[in-house]
Amino acid sequence: MKRRELFVSTSGNTCVQGARTCGTAELIPNVALRTHDDVPVRFYDDLVKGKQVVINMMYATCEGLCPAVTSRLVEVHRALAPRMGRDLFMYSITLKPNEDNPAALRAYADMHGALLPGWKFLTGDAYDIETLRFALFRHNHIKFDLDPNGHAGRLRIINDSINRWVHVTPLASKATVLQHISWADPPKSLEQRMQDNRALQDEIGREVARYGYRKVI
Amino acid sequence: MQTKMFLRALALLTCLHAPAIFAAESCEAEASWKASDGERHFVVLAGRTDVFYERSGPTFVMLIRSAGDTVDLGAFGIHADANGHPAFGAVPASEYETFLGEPAAQGLAKSSAVMLRLEISGPQYERVLRVLRTWERRVAERALLYPDFALDNILLVRQTTDELNRCRQALVPYALDWGLDDDISEHNIALRIPFEYFKELKALNVARHVSDASMPVHLQMATLTAQRGPQAPAKEDE
């Protein structure tokens with residue numbers, strides 16, 4: 001009778017408590033993915049590095065949350081159209097990479113009117129997608145993390161150039177989602193902020209003159 | 001126009017049939033699976049307490065497969081490193097061999113050790129092996145999913161029991177889900193949760209546990225420990 005070991009126990013394949021080299025995957029994993037146009041990309045290097053991005057997870061056969069989220073993102077895209085594909089990007093990553101090939105994602109995007117500038121639907125290897133899912137959307141709660149569907153109801157907004165991460169539920173109002181995206185906007189110059197504040201003060205003044213109070217919060 | 005219609009039809013087809021097809025394929029394989037002569041598969045859920053400073057201990061999943069004149073053995077999870085500290089990864093043979101037989105026979109107190117050994121089918125074995133191989137890759141690539149590997153180990157044991165039960169109920173489950181009825185996660189630190197989980201599973205599945213006496217002679221502890229040699233990796237497809 002021959003005995004064979006299934007796993008080799010060495011220091012290289014063991015994580016020791018407190019070891020700095022044995023942490024979680026990179027903050028933003030640079031995994032290889034494919035877009036809905038079947039173009040190979042590296043997640044961090046090609047899609048996130050130095051950019052402001054809005055990321056969600058979905059899958060083409062999802063009948064519950066995903067269509068509602070995609071529909072909200074279409075509205076958000078419309079509202080931010082001049083920025084999309086220039087300094088703001090949207091990425092929808094499949095939760096079921098074994099089922100969703102680039103063609104299926106393209107079909108899903110087309111069906112929901114989401115073939116828009118600056119918006120990519122992404123698929124890849126299941127291992128890499130799971131790494132990405134945990135890195136971006138982890139709840140630190142076993143039940144929620146084990147159920148990939150739970151991650152379909154979240155939006156992660158990252159501005160890599162200023163290392164700012166924001167989270168919002170896509171089921172909030174469009175205005176709320178837009179506000180959260182703006183929290184990750186690049187910092188404005190002092191002149192720009194003063195100009196914006198003057199414009200806002202003028203608007204407040206007009207509202208108070210008309211209604212007697214600030215109507216739009 | 002035709003392309004658009006085709007894409008919509010493709011999406012609809014994928015939408016309606018894909019999950020059912022994938023699930024059916026994997027479970028059909030399990031339903032029709034028949035062991036070849038002498039082929040046996042076992043999974044062992046093993047844990048100890050009072051080893052680490054906060055009184056938790058090694059907890060891991062072990063796989064045993066015998067076919068022809070070969071036995072494949074291996075375990076993955078939390079174990080003690082050379083300094084006695086918790087480590088996550090491939091479990092050294094010296095550690096998992098303690099659980100090749102009933103812990104009581106090794107002099108371990110019943111309250112401080114748990115071992116649930118189940119005989120499983122080839123497809124179940126392959127699915128659990130795939131889970132363990134994925135964690136082996138995560139450890140090697142330093143791409144764990146949580147900042148604390150105690151949580152990674154909980155995920156590993158949950159994935160293991162989920163895979164065992166994917167097509168049929170191989171063991172009576174316990175809902176380790178951080179829900180309102182989950183006392184184990186409510187009252188234990190993360191490092192100890194797998195031990196309590198295995199203990200509960202053992203209590204729920206006593207009838208399914210394979211005792212030492214029921215193990216084939218060539219898979220009994222004395223035979224297997226006597227065969228221990230230098231560690232060498234076994235290939236999945238062999």
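Predicted model: local features only at pLDDT ≥ 70, side-chain atom pairs only at ≥ 80, totals over all residues.
## Chain A

Chain A has 217 residues, of which 45% count as buried. Seven helices and nine strands make up its assigned secondary structure elements. Taken along the principal axes, the C-alpha atoms of chain A fill a box of roughly 95 × 45 × 30 Å.

## A salt bridge between the chains

Over all chains, the search of the whole structure finds 26 salt bridges. One of them joins Glu130(A) to Arg138(B), with the closest N and O atoms 3.9 Å apart. This pair crosses between chains: Glu130(A) lies in helix α4 (residues 126–137) of chain A, and Arg138(B) lies in helix α3 (residues 122–140) of chain B.

The two partners fall into separate accessibility classes. Glu130(A) has a relative accessible area of 22% and is therefore partly exposed. Arg138(B) has 1% relative accessibility, so Arg138(B) counts as buried.

## Salt bridges within chain B

Arg55(B) and Asp50(B) form a salt bridge in which the closest N and O atoms are 3.0 Å apart. Arg55(B) counts as exposed because its relative accessibility is 53%. Asp50(B), at a relative accessible area of 44%, is partly exposed.

A further salt bridge links Asp162(B) with Arg158(B), the closest N and O atoms being 3.1 Å apart. Both residues belong to helix α4 of chain B and are four residues apart, so about one helical turn separates them. Asp162(B) is partly exposed at 33% relative accessibility, while Arg158(B) is buried, with a relative accessible area of 15%. Elsewhere, Glu30(B), Arg127(B), Glu163(B), Arg166(B) and Arg168(B) are joined into one network by salt bridges that share partners.

## Aromatic contacts

The whole structure holds 12 aromatic pairs, counted over all chains. Among them is the stacked pair of Trp119(A) and Phe121(A), with 5.4 Å from centre to centre and 20 degrees between the planes.

Tyr211(A) and Tyr213(A) form a tilted pair, because their planes stand at 45 degrees; the ring centres are 6.3 Å apart. Tyr211(A) counts as partly exposed at 35% relative accessibility. Tyr213(A) is also partly exposed, with a relative accessible area of 47%.

Residues from chains A and B come together in one aromatic cluster, formed by Phe7(A), Phe76(B), Phe88(B), Trp135(B) and Phe149(B).

## A negative patch on chain B

Four acidic residues, Asp181(B), Asp183(B), Glu186(B) and Glu200(B), form a negative surface patch.

Methods. Residues numbered from 1 in each chain as written. Chains lettered and ligands numbered in written order. Heavy atoms only, no water. Patch = residues over 30% accessible without salt bridge, like charges linked within 9 Å, V, L, I, M, F, W, Y side chains within 5 Å. Areas by Shrake-Rupley, 256 points an atom, 1.4 Å probe, with all protein chains shown as cover. Salt bridge = Lys/Arg side-chain N within 4 Å of Asp/Glu carboxyl O. Lys, Arg positive; Asp, Glu negative; His and termini not counted. Charge placed at Lys NZ, Arg CZ, Asp CG, Glu CD. Phe/Tyr/Trp six-rings, centres within 6.5 Å; stacked < 30°, edge-to-face > 60°. Buried < 20%, exposed > 50% of the residue type's maximum accessible area, 1.4 Å probe, protein only. Helix = DSSP H or I, 4+ residues; strand = E, 2+ residues; numbered from the N terminus.
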